[in-house]
Amino acid sequence: QVQLVESGGGLVQAGDSLRLSCAASGRTFSSYAMGWLRQAPGKEREVVAGISRSGGATTYADSVKGRFTISRDNAKNTVWLQMSSLKPEDTAVYYCASDRYVRRTDYIPKQDEYYYWGQGTQVTVSS
């Protein structure tokens, strides 16, 4: 079955950087778009960044543009989220997620199209 395992979360100070990793298994990684989503306490889950199956297209939430970078290595079955200039409002549980279907090369899923999820990793940014 599909498994997504996140790592790299932790407690950092405002302005610091952190890199999250997500290792995927169970199907052909390169065939599926991927994304990172987060959920802060008392808030709804939101898409932070998405990347097409080829890696050629990416999207970001306005709140993280210019600070976060999503990337993938299809040979390593891994997707990363590089986070810089972290702010206290970035505090959340971060989830790696995968599209359910194989779509065109440059497609990035909408939030409700992510089907497989990791267990999440906590990121806490102190002021």
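In this predicted model, the torsion about the S-S bond of C22 and C96 is about -75°, and the disulfide is therefore described as left-handed. The two sulfur atoms of C22 and C96 lie 2.1 Å apart, and a disulfide is a covalent bond between the sulfur atoms of two cysteines. The count for the structure comes to one disulfide. This bond links distant parts of the chain, since C22 belongs to strand β3 while C96 belongs to strand β9, which covers residues 92–99, and the two cysteines are 74 residues apart. Are these cysteines buried or exposed? C22 has a relative accessible area of 0% and is therefore buried, and C96, with a relative accessible area of 0%, is buried as well.

Which side chain does S21 meet in a polar contact of 3.3 Å? The partner is the side chain of W80. When residues up to four places away in sequence are left aside, S21 touches V5, E6, S7, W36, V79 and W80.

We can turn next to charged side chains. Side chains of opposite charge can pair when their charged atoms come close, and in this structure the count comes to seven salt bridges. One of them joins E46 to R38, with the closest N and O atoms 2.7 Å apart. Another salt bridge brings together the side chains of E113 and R103, at 3.9 Å from N to O. Both E113 and R103 are in the loop between β9 and β10, 10 residues apart. E113 counts as buried at 18% relative accessibility, while R103, with a relative accessible area of 24%, is partly exposed. A further salt bridge is formed by R104 and D106, whose closest N and O atoms are 2.8 Å apart; here R104 counts as exposed, at 54% relative accessibility, and D106 counts as partly exposed, at 43%. Salt bridges that share partners also join R38, E46, R67 and D90 into one network.

A pair of aromatic rings is described by the distance of the centres and the angle of the planes, and a search of the whole structure finds two aromatic pairs. In one of them, the ring centres of Y95 and W117 are 6.2 Å apart and the planes stand at 80°, so the pair is edge-to-face. Y95 in strand β9 and W117 in strand β10 are 22 residues apart, and their pair links distant parts of the chain. Y95 counts as buried at 14% relative accessibility, whereas W117 counts as partly exposed at 31%. The rings of Y115 and Y116 also form an edge-to-face pair, because their planes are at 85°, with centres 4.8 Å apart. Y115 counts as partly exposed at 41% relative accessibility, and Y116 counts as partly exposed at 26%.

Finally, charges and rings come together. The charged end of R45 sits over the ring of W117, 4.4 Å from its centre, and the charged end of R27 sits over the ring of Y32, 3.4 Å from its centre.

Definitions and conventions:
Residues numbered from 1 in each chain as written. Predicted model: local features only at pLDDT ≥ 70, side-chain atom pairs only at ≥ 80, totals over all residues. Heavy atoms only, no water. Polar contact = N/O pair within 3.5 Å; in protein donor to acceptor, adjacent residues only side chain to side chain. Contact = heavy atoms within 4.5 Å. Disulfide = S-S within 2.5 Å. Helix = DSSP H or I, 4+ residues; strand = E, 2+ residues; numbered from the N terminus. Buried < 20%, exposed > 50% of the residue type's maximum accessible area, 1.4 Å probe, protein only. Salt bridge = Lys/Arg side-chain N within 4 Å of Asp/Glu carboxyl O. Phe/Tyr/Trp six-rings, centres within 6.5 Å; stacked < 30°, edge-to-face > 60°. Lys NZ or Arg CZ within 6 Å of the ring centre and 35° of its normal.
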